Amino acid sequence: MTPQICYLSFSRNPTVYVQVRSTLLIMANLWVGLCVIAQSPDISLRDSVLQAVQDNDGLDNAQESVIYDSLFYAFDEAGDTCGQVKARVYQSAKLDGLGEVDSALAVLLWSEDNFQRSCDSSILVELFLNYTNIYLTLEDFAAVDSAGRYLLEIWRPGADEYRLRLAGMNNLAISAAYQGNIVASDSLFREVYRLAREASESKYIQRSLINLGTLKGMGGDLDSAYYFLNAAAHESKESGDSTGYAELLINLSNIEMERQNYARADAFLDTAFMI
């Protein structure tokens with residue numbers, strides 16, 4: 001293969017320069033690697049770069065969005081359409097987190113149009129999961145339901161990550177609650193809890209319990225709300241999620257205040273502030 005000259009390129013969008021300054025070294029290192037990887041026929045090398053960005057907890061949404069944008073163009077130069085689709089799907093979640101919903105939706109639409117049968121099927125599932133997240137933000141619940149149902153149709157056990165199924169079901173349950181279908185929402189959240197417990201997915205065990213507690217609280221059933229949020233707090237503590245545990249203790253304190261159990265409310269707050 002004829003050697004190619006690679007140039008450092010943060011993005012073809014000039015407006016992102018200010019956002020990139022704090023990630024200059026990270027981007028430089030990534031691009032040096034991409035100069036080699038883009039010329040390699042080994043797709044797994046390019047996938048590993050995407051995974052490395054996903055696994056880096058030190059980056060914020062803006063920084064990751066810029067990096068995924070640059071990776072998109074690196075994969076373009078490599079002729080790797082599936083890599084481009086992955087980069088755009090991952091970027092869409094970061095754009096949504098930044099409140100740039102229109103941009104997030106635009107890159108997802110591009111990804112759906114350019115997805116190929118040869119691409120990893122799980123990225124298509126994640127694509128539709130991101131649709132559900134964005135349409136929840138837009139309060140387009142019919143679109144949430146459509147994308148969520150399709151996600152569950154194409155999700156394949158053993159091939160796609162289990163969290164994608166749980167997240168899709170969770171968003172369908174939230175959509176049902178917003179539409180006033182509390183019975184369906186409650187049933188879906190309970191199913192998410194059951195499946196998450198079977199799969200030992202602590203994150204979705206907690207989420208389902210919190211959402212069930214929220215539903216009960218909205219309906220004025222404070223005893224049931226306390227039961228579910230207390231169970232979520234125990235799960236959070238066991239999993240080592242100190243931030244989530246503290247937040248749940250504050251919620252439990254609020255419930256105890258409403259139930260006029262003031263001493264217990266103060267005790268929950270004291271514990272939360274000591275974490």
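Is the crossing of helix 6 and helix 7 left-handed or right-handed? The structure examined here is a predicted model, in which local features need pLDDT of at least 70 and side-chain atom pairs count only at pLDDT 80 or more, while totals for chains, interfaces and linings use all residues. Residues are numbered from 1 along each chain as its sequence is written, and side-chain values use heavy atoms, with hydrogens and water left out.

The protein contains 14 helices and zero strands, where helices (H or I, at least four residues) and strands (E, at least two) are DSSP runs numbered from the N terminus. Of the 275 residues, 45% are buried, meaning under 20% relative accessible area with a 1.4 Å probe, protein chains only. The accessible surface comes to about 14,300 Å², and carbon and sulfur atoms hold 51% of that surface (Shrake-Rupley method, 1.4 Å probe).

Helix 6 (residues 101–114) and helix 7 (residues 121–138) have axes that come within 10 Å and cross at roughly 150°; the axes are lines fitted to C-alpha atoms over the stretch in contact, with angles from 0 to 180 degrees between N-to-C directions. That makes the two helices roughly antiparallel (over 145 degrees). As for the opening question, their crossing is left-handed: the near helix is turned anticlockwise from the far one by less than a right angle.

Terms used: Angles under 35 degrees count as roughly parallel, over 145 as roughly antiparallel, 65 to 115 as roughly perpendicular and the rest as oblique. Buried means under 20% relative accessible area, exposed over 50%, partly exposed in between (1.4 Å probe, protein chains only).
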